[in-house]
Amino acid sequence: MKRWLALCLIVAASAATAQSYPARPVRIVVPFPAGGIADLYARLIGQRIAESWSQPVVVENRTGAGGNIGADVVAKSPPDGYALVMGSFGTHAVNVSLFSSMPYDPVRDFAPIILVLEAEGLLVVHPSVPATNVRELIAHARARPGELTFASAGMGTASHLAGELFKTMAKVDMTHVPYKGNVPAITDLLAGQTSLLFATMPTVLPHARAGKLRALATIGAARSAAAPELPIVAQTLPGFEVNNWVGLLAPAGTPADIVRKWNLEVNRIMQGADIRQRLLVEGARYSPNTPEEFGAFIQSEIAKWAPVVKASGARAD
């Protein structure tokens with residue numbers, strides 16, 4: 001009887017917590033600089049959540065160490081739903097294989113909320129690079145070992161791993177130039193400071209269409225609806241595939257009712273007609289998912305990329 005009463009009290013307290021939450025501003029930590037896809041969608045979601053829940057949602061950019069610094073801030077925050085992180089392919093799938101030591105465990109230290117989107121990628125080169133397709137790029141790189149530079153959004157990001165995978169599969173020698181986010185990497189590529197970049201489509205497709213960069217191919221498993229005229233890298237390098245993704249996570253131990261509340265609300269936002277159209281134009285995908293499904297996805301991504309990172313020889317420290 002006492003045990004039953006205790007259980008009832010716990011359930012009642014949990015329900016009351018979810019009903020009163022949020023009672024103060026919520027913080028979403030983005031482990032990358034402003035302007036990238038994680039930042040853009042954190043701000044979009046934050047704005048709409050704030051309007052719906054009548055509480056401010058503050059987006060804070062905490063950069064460094066391939067996203068590890070920002071992710072670790074949230075991993076070590078109180079599990080009360082007031083600190084979330086917009087995790088990514090890097091912070092929650094690849095960094096655990098790239099770094100010799102991690103300040104957090106990407107599975108144990110977090111409560112997955114929702115996979116926000118998967119962003120298709122694009123291989124773009126500066127117009128000074130004399131290649132109009134992937135085969136020509138490979139030939140150019142082989143003729144000039146170490147001369148071509150590939151920019152990335154930082155160690156452990158999808159753009160970094162895509163470049164390392166390309167080097168391994170194409171058997172070319174290129175120099176990696178890491179930046180602190182997509183925006184500075186794209187800025188220097190536009191200025192001709194680097195040769196090429198593997199980046200999320202929303203961040204570089206407009207520059208390619210404006211003639212400031214040359215798009216050679218997309219980097220997913222199939223042609224993109226946002227740029228159907230472009231081939232995929234895998235047509236030249238069979239098996240090449242890299243998809244970036246971002247998703248919301250809370251510290252481990254966050255009440256399940258709060259996690260579910262965020263999941264339901266973000267699912268609603270991402271299924272809005274305006275967001276669906278935006279994703280289509282930008283070359284990104286969203287499918288409704290549960291916290292449990294997102295958690296299983298993270299574990300599958302860690303298992304998928306660990307052998308790839310090992311085979312490439314890439315290290316971030």
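**Ground rules.** I number residues from 1 along each chain as its sequence is written, and I leave out hydrogens and water, using heavy atoms for side-chain values. Since I'm on a predicted model, local features need pLDDT of at least 70 and side-chain atom pairs 80 or more, while totals for chains, interfaces and linings use all residues.

**Cavity.** By cavity I mean a set of points on a 1 Å grid over the protein atoms alone where a 1.4 Å probe fits but cannot get out. The largest cavity has a volume of about 280 Å³, taken as the space filled by probe spheres set on the points, which are joined across faces, edges and corners.

I then checked the lining (residues with an atom within 4 Å of a point). It has 27 residues, and A153, T157, N182, T200 and N244 are the closest to the centre. At least two lining residues each come from α2 (37-53), α4 (89-98), α6 (158-170), α7 (182-190), β8 (196-200) and β10 (244-251). Helices (H or I, at least four residues) and strands (E, at least two) are DSSP runs, numbered from the N terminus.

**Helix pair.** Next I followed α6 to α11 (residues 291-312): their axes come within 9 Å and cross at roughly 60 degrees. Axes are lines fitted to C-alpha atoms over the stretch in contact, with angles from 0 to 180 degrees between N-to-C directions. I looked up who touches whom (heavy atoms within 4.5 Å): L161, E164, L165 and T168 in α6 meet W305, V308, V309 and S312 in α11.

Technical notes: 1 Å grid on protein atoms, 1.4 Å probe; cavity = no way out; pocket = protein on both sides within 12 Å on 5 of 7 lines; lining within 4 Å.
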